[in-house]
Amino acid sequence: MKYSSIPVAQTIIAHCKAKGIQNIVISPGSRNAPLIIGFSEDPFFKCFSIVDERSAAFFALGIAQNQREPVAVVCTSGSALLNYYPAVAEAFYSNIPLVVISADRPIYKIDVGDGQTIRQDNVFHRHIGYSANLKQDVTHASDRIERYAPSYLSNDMNKEQQKVQAFNDHELNIAFETAITMGLPVHVNVRFEEPLYDIVETSTANPVIKQVQPIIEKGYEWLPECVSAWNRATKKMVLVGVNDPNKVDQKYLKYLAEDPSVVVLTETTSNLHHTNFFSSIDSIIAPIEKSEYKEDLFTKLQPEILITFGGLIVSKKIKAFLRAYKPKQHWHIDQVKAYDTFFAQTHHFKMEVNSFFSQFIKETLKISSNYFNFLNLRRNAYVIKRDQYVEQIEFSDMFVFHQISKSIPNNYQLQLSNSSTVRYAQLFDLNSSLEVFCNRGTSGIDGSTSTAIGASLYNTNPTVLVTGDLSFLYDSNALWNNYIRSDFRIIVVNNYGGGIFRILPGKEDTHNFERFFETKHSLNVRKFCEMFNFDYFFSDDSESLNLAMSVFYEPSERPQLIEVSTPRLLNDKILLGYFDFIS
């Protein structure tokens with residue numbers, strides 16, 4: 001097998017292999033040549049080539065999201081690294097173990113006017129689990145080091161190299177353990193001096209690789225106190241944000257669903273389903289907001305105890321409600337993070353959700369309460385009115401999302417882009433067999449297509465991405481790769497601008513609003529399909545949409561895309577009218 005001649009490159013490859021980091025997403029370059037050689041020459045690794053670093057990082061994030069394991073991205077020096085930042089931030093707030101490995105120039109060539117150099121060390125320091133800034137080998141290209149930085153060398157080169165090796169092993173062990181146990185992104189910055197392309201047949205590095213230690217769960221000492229409070233409370237709310245499919249044992253969900261003193265509020269991205277759970281949270285809250293008895297109804301809904309787990313919440317209405325009508329106690333369950341989203345948090349259980357409920361539920365009691373029935377009556381009312389409303393509305397964003405929600409076949413992976421897309425998806429019930437994902441860590445429109453393509457790679461079932469026009473156009477480089485499966489599907493809802501800004505406060509029908517907020521445009525996506533070899537369908541009414549949907553999910557030789565054109569000036573009126581109608 002072939003190895004780079006540079007010891008630190010050999011060391012990184014050995015650590016990745018020992019830690020089981022198999023998927024490596026590489027963007028081309030010269031400074032990262034030692035890493036490219038090491039990864040691509042070892043059959044253990046599965047290497048992917050993505051030119052655009054921003055897309056590459058989200059592509060890797062999608063693989064990590066789907067496989068629930070660390071995935072590495074490898075880039076050259078300079079601004080290439082900075083293009084990883086959006087995905088790094090998303091990984092940080094979504095607890096996804098993205099491993100960034102950046103090649104760098106020697107430290108003595110930084111800030112001296114050398115090409116393709118920036119200050120790469122600690123560049124992600126505010127949004128990273130750990131930054132490992134590796135030391136440059138002194139036994140490689142020592143003639144150049146002696147010429148440019150002789151103070152780095154000593155009389156005993158072997159001893160100096162041993163120090164470098166020990167330091168780098170220590171940093172890599174910490175970095176990879178952080179990614180694996182904490183589910184956080186990490187950054188490994190490694191300096192290479194030329195020559196970069198020399199190869200040896202036998203590895204010369206002898207890395208010391210430590211076994212990963214499992215994270216210790218904490219919070220059990222609070223269980224007796226919390227059980228006692230739970231058994232006294234008549235109003236308990238469980239609110240679940242982004243959550244991996246099949247993460248929570250069904251027996252715990254059934255227990256919560258059958259307790260009359262408990263309401264479980266779920267979002268599309270929570271991947272939790274039970275007939276007694278409450279989805280479409282905004283459809284429940286909006287009629288209360290508009291009621292003349294608003295304060296009384298919100299007081300009845302106000303929980304004594306709130307339990308949250310999973311990632312970030314989409315619904316602004318539930319966040320506003322729980323901040324205004326705070327629970328007496330808020331417990332969050334997560335091994336790493338506990339965001340005090342509602343400014344009322346009292347306990348952070350640093351453990352897996354199943355670990356918590358396995359201990360908690362066996363000590364709790366189901367007590368008499370009208371809490372579930374109070375909310376269930378409101379749910380039943382809005383469901384009837386929602387169905388009535390959808391039957392009468394014109395072709396629009398809301399109509400299209402209603403049709404999409406019914407059309408997706410069983411067992412698909414559903415990827416949602418942000419902004420209007422994920423919010424419309426919350427309004428309708430989805431097939432419980434679907435696995436639903438969305439980049440809600442930073443809620444950005446960048447990278448949703450790249451993430452979906454990466455996530456589709458190893459999924460045993462097909463993937464459909466539902467996205468808006470701006471999200472799709474913004475991440476169009478996502479289609480520039482050779483890894484798109486023929487069963488990959490994209491639905492682009494094109495309302496010719498940032499339609500969400502028409503439903504937010506401050507909307508004005510002015511030229512400046514259209515130009516700087518809504519970003520009105522007249523683009524379609526047909527040319528992208530021609531360029532990247534997608535089958536293309538177009539729809540601008542219910543008949544053409546139904547016709548396209550009738551064949552869209554059938555097996556095909558190429559991936560497929562439907563562009564759905566909706567009326568820019570009507571969509572917001574129909575959506576806002578929905579909340580008035582159900583109220």
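**A tour from valine 200 to the sheet**

Select valine 200: not counting residues up to four places away in sequence, its contacts (heavy atoms within 4.5 Å) are Met1, Lys2, Tyr3, Ser4, Ser5 and Gln10. Valine 200 sits in strand β8, residues 199–200. Strands here are DSSP runs of E, at least two residues, and helices are runs of H or I, at least four residues, numbered from the N terminus. Now show the C-alpha atoms of valine 200 and lysine 2: they are 198 residues apart along the chain, yet separated by 6.0 Å. Valine 200 has a relative accessible area of 24%, so it counts as partly exposed. On this scale, buried means under 20%, exposed over 50%, and partly exposed in between, with a 1.4 Å probe and protein chains only.

This is a predicted model, where local features need pLDDT of at least 70, side-chain atom pairs count only at pLDDT 80 or more, and totals for chains, interfaces and linings use all residues. Residues are numbered from 1 along each chain as its sequence is written, and side-chain values use heavy atoms, with hydrogens and water left out.

**Next: threonine 11**

Go to helix α1, residues 7–18, and pick threonine 11. Threonine 11 is buried, at 1% relative accessible area. Its side chain makes a polar contact with the side chain of glutamine 165, at 3.1 Å. Such a contact is a pair of N or O atoms within 3.5 Å; within protein, one must be able to donate a hydrogen and the other to accept it, and residues adjacent in sequence count only if both atoms are side-chain atoms. Threonine 11 also touches other residues, including Asp169, Leu172, Ala205 and Pro207.

**Then: the sheet**

Select the open sheet of 6 strands, in the order β3-β2-β4-β5-β7-β6, with parallel pairing. Strands pair if DSSP finds at least two bridges between them. β3 (46–49) and β6 (130–133) are at the edges with a single partner strand each, so one side of each has no neighbour in the sheet.

Zoom in on β5 (98–104) and β7 (186–191), which pair in the parallel sense over 6 bridges. Alanine 103 has valine 190 of β7 as its bridge partner.

**Last stop: glycine 441**

Find glycine 441 in the loop between β15 (435–438) and α16 (448–456). Is glycine 441 buried or exposed? Glycine 441 counts as buried, at 9% relative accessibility. Its contacts include Glu90, Tyr93, Ser94 and Leu312, not counting residues up to four places away in sequence.
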